[in-house]
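Work through the exercises below with the sequence and the structure at hand. Try each task before reading its solution.

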Amino acid sequence: MANVTTQQVQTEEDRLIQEQGFDDHFHEHHHGDKYQSNFITTYIFSQDHKIIARQFLITGMFWAFIGGLMSLIFRLQLGFPDESLAWLRPLLGKWITINDAGLGTLAPEFYYALVTMHGTIIVFFVLTAGLSGTFSNLLIPLQVGARDMASPFLNMLSYWFFFLAGVVMFFSLFLSTGPFSGGWTAYPPLSALPQASSGSGAGMTLWIVSLVLFVVSVLLGGINYITTILNLRTKGMSLWRMPLTIWAFLITAILGLLSFPVLASGFFLIMFDRSLGTSFYLSEIFIGGQALDHVGGSPILYQHLFWFLGHPEVYIIILPAMGLVSEVLSVHSRKPIFGYKAMVFSMLAIGFLSFIVWAHHMFMSGVNPFISNFFVIFTLIIAVPSAVKVFNWIATLYGGNVRFTTPNLFAIGFVSMFISGGLTGIFLGNSAIDIQLHDTYFVVAHFHIVMGVAAFFGMFAGVYHWFPKMFGRFMNETMGKIHFWLTMIGAYAIFWPMHYLGMAGVPRRYYRFDVFETFRHFTEINKFITIAAMVVFAAQLLLLINFFYSIWKGKKVTTKNPWGASTLEWTTPIHADHGNWPGKIPTVQRWPYDYGKDGKDFIPQIEPLKEGEHDGGH
Amino acid sequence: MAACASITMMFGAFTSAFLVRQAAGNWLEFALPGIFTLSTVLIVASSITLHGAFIAFKKGALPLYKGLLIATFALGLSFVVVQYEGWQAMKDLLGLPLGTNPSSDFVYLISMIHAAHVVGGIAALLVAVIHAFTLTSGPTPTRKLRLELTLIYWHFVDILWVYLFVFMTLQS
């Protein structure tokens, strides 16, 4: 007790930070510091990672709403192709044409635009920025014990580049020729020839500008996350004492940093082809009987470049969710995570393998079957670390004192979705089975369950769990549980039947199926899927209401550590200022998963090891 | 460093795309204009002068440091100008304007995107030059770190160009 202060020591944790903490001569400014002095610098152009996290989250929710709404519109078209959509005219304007009988139909071009935008928005804006952006920002400094990110300024830029990307994309929705409509993968020639379709002109230009801005945002964010994790950990926070969330964010950021530039390369080639008359991707093409003067390009080249990002991208989406779920499961099961090191090594393995499997998206594009063999093998090997993780999550739950709180329900739901979606991945990873299944609803079902719904569940688990940290209040549990059960059952109701459609050969991206003799008998199943989609969308509105209601009216958090978690973020004040800890930075004495040890419910990371006590992580 | 890894991946993608596309046929063979050799010499020289400036700065030899910094800045600018001349030479001397054949288009693409990264480096050099003439504080750790970061980036775009130059020369 070298440093007895006049400040009243309130709790055990405060005392530990006082005694053991590291004094970096931080001065708290209750009325804002030089970076946060007025409303604009505090809430808008903020450099505080906690505010930036909330900005990412709320922007992500906005985009999730838009993206979800789009899927609802095209599901209406697929489920009820003969019903009049005239009532959507106030929203969609000229994209609904009304015939003499008063029947309103959705313009086919706009159907494609909706499908394209739904994919782009959900993959990039919601599940990349909204998920990893939110939680990397919130948790990295808090859980490693840092005052803020390594460069708060770059961090702020990262958000605003994302915002700008969003503005450009949003603007493209209102073009008279419509937004880009060639699929979220933007394969040439639809993306490389402005005259290829109505969305390929201005729509594609804005799409590509938006995504280049988005890549800048991801890179700025990623550089920051990596630097912060490697350089700004508090005393005692060795790598093997980091929570799994931090490991997940680190690996995610590395993947992003290595794969997004390759996507940018692919985009630069598209820009050259579009604007400067080159033919990187364009071979001899006739449009309307007219030969274009492009010769000798290869659209397959784009597929290679795209999927070299595209496959790591699915892990960029799912790894943060895995990290969040690991943490939530452990806290709410009151048990240490099972196989901590195995979890880390399996994430590293997944990260590495994700770079050498991209061509499994291209089995049917004419690549050499012998090369396909190579990609089949590595794709199937990914099942091994994935299975290790699933086993560990289940083993963490097994015998635990499981609390069925909303965050934990979503974490368990994540495991369920990950298993269901992962198993169909084994089917699709085989190039022989892929001959039948490629480009069918089987693929749609697979990736929606394994990286769409599962990642959303990880995100929901994170939102419900860290909401008290973000806003100092709880979300409503009853509404949360209704949200969970509707989403869980509803999501399976949407995507499970799609497997059957896919096995029967129903192709994805088609505008309507009742005109094909082969697929006509699936009308009822399509109706069922559409109704389930409406229910699930309505359930998400419940989340929105719960979220915004709870920010202002939710039950107040009265203790610093409402869940009884051992990690550092719960040692900060309930409403932490910029700088996170008012006095000293806590030092870390043990690994983050000491639950139910030595008869104690949990032991915070700041509590020193007793003599002879073994540290779990090492 | 992370940024360097990222840019490396991007150019890695370009050069592998180059190889993949080359293997696909319909590939016009041509020799790189000699003027690109000149630009290579310029950028290598600029790396050496900047390194000299950094050493001089650490030793406190301020006049030498300022001189070498300005020399680097000038060499950097002339590199970009010579690259531009190179594109003109491809268009006028070789008769290969943009859009002729993927082989020459790749040279344009790679060198243009590289030049864009060099321009970023020149901006950093400009800041360094302004600092050199306005800041009066001696070689403080902050200033050393700033200069070192500029140096690392500049070496990086230099080595990157040497790689790209060798790559394109060998492939054509």
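**Exercise 1.** Find what share of chain B is buried, and describe the fold of chain B in terms of its elements.

*Solution.* This is a predicted model. A residue counts as buried if 20 or more other C-beta atoms lie within 10 Å of its own. Of the 172 residues in chain B, 36% are buried. Next, list the elements: chain B has five helices and zero strands. Read from the N terminus, the order is α-α-α-α-α. Last, take the contacts in chain B with a separation of 6 or more: 81% of them join residues 24 or more positions apart.

**Exercise 2.** Determine how H2(B) and H3(B) are oriented relative to each other.

*Solution.* Two packed helices are described by the angle between their axes and the distance between the axes. Helix H2 of chain B covers residues 35-59 and helix H3 of chain B covers residues 62-92. Their axes lie 8 Å apart, at an angle of about 165°. Angles over 145 degrees count as roughly antiparallel, so H2(B) is roughly antiparallel to H3(B). The crossing of the two helices is left-handed. In the contact of H2(B) with H3(B), 19 residues are nonpolar, nine are polar and one is charged.

**Exercise 3.** Compare the span of H6(A) with the expected value, then state which helices its buried residues pack against.

*Solution.* Helix H6 of chain A, residues 152-172, has 21 residues. At 1.5 Å a residue, 30 Å is expected; from first C-alpha to last, H6(A) reaches 31 Å, close to that value. Its buried residues include Asn155(A), Tyr159(A), Phe162(A) and Met169(A). The buried residues of H6(A) pack against helices H3 (49-79), H5 (108-144) and H7 (202-231) of chain A.

Terms used
Residues are numbered from 1 along each chain as its sequence is written. Chains are lettered from A and ligands numbered from 1 in the order in which they are written. This is a predicted model: local features need pLDDT of at least 70, side-chain atom pairs count only at pLDDT 80 or more; totals for chains, interfaces and linings use all residues. Axes are lines fitted to C-alpha atoms, for helices over the stretch in contact, and angles run from 0 to 180 degrees between N-to-C directions. Helices (H or I, at least four residues) and strands (E, at least two) are DSSP runs, numbered from the N terminus. Angles under 35 degrees count as roughly parallel, over 145 as roughly antiparallel, 65 to 115 as roughly perpendicular and the rest as oblique. A crossing is left-handed if the near helix is turned anticlockwise from the far one by less than a right angle, and right-handed if clockwise. Ala, Val, Leu, Ile, Met, Phe, Trp, Tyr, Cys and Pro count as nonpolar, Asp, Glu, Lys and Arg as charged, and the others, Gly among them, as polar. The expected span of a helix is 1.5 Å times one less than its number of residues. A residue is buried if 20 or more other C-beta atoms lie within 10 Å of its own, exposed if 12 or fewer, and partly exposed in between; C-beta atoms are placed from the backbone. Two residues are in contact if their C-beta atoms, placed from the backbone, lie within 7 Å.
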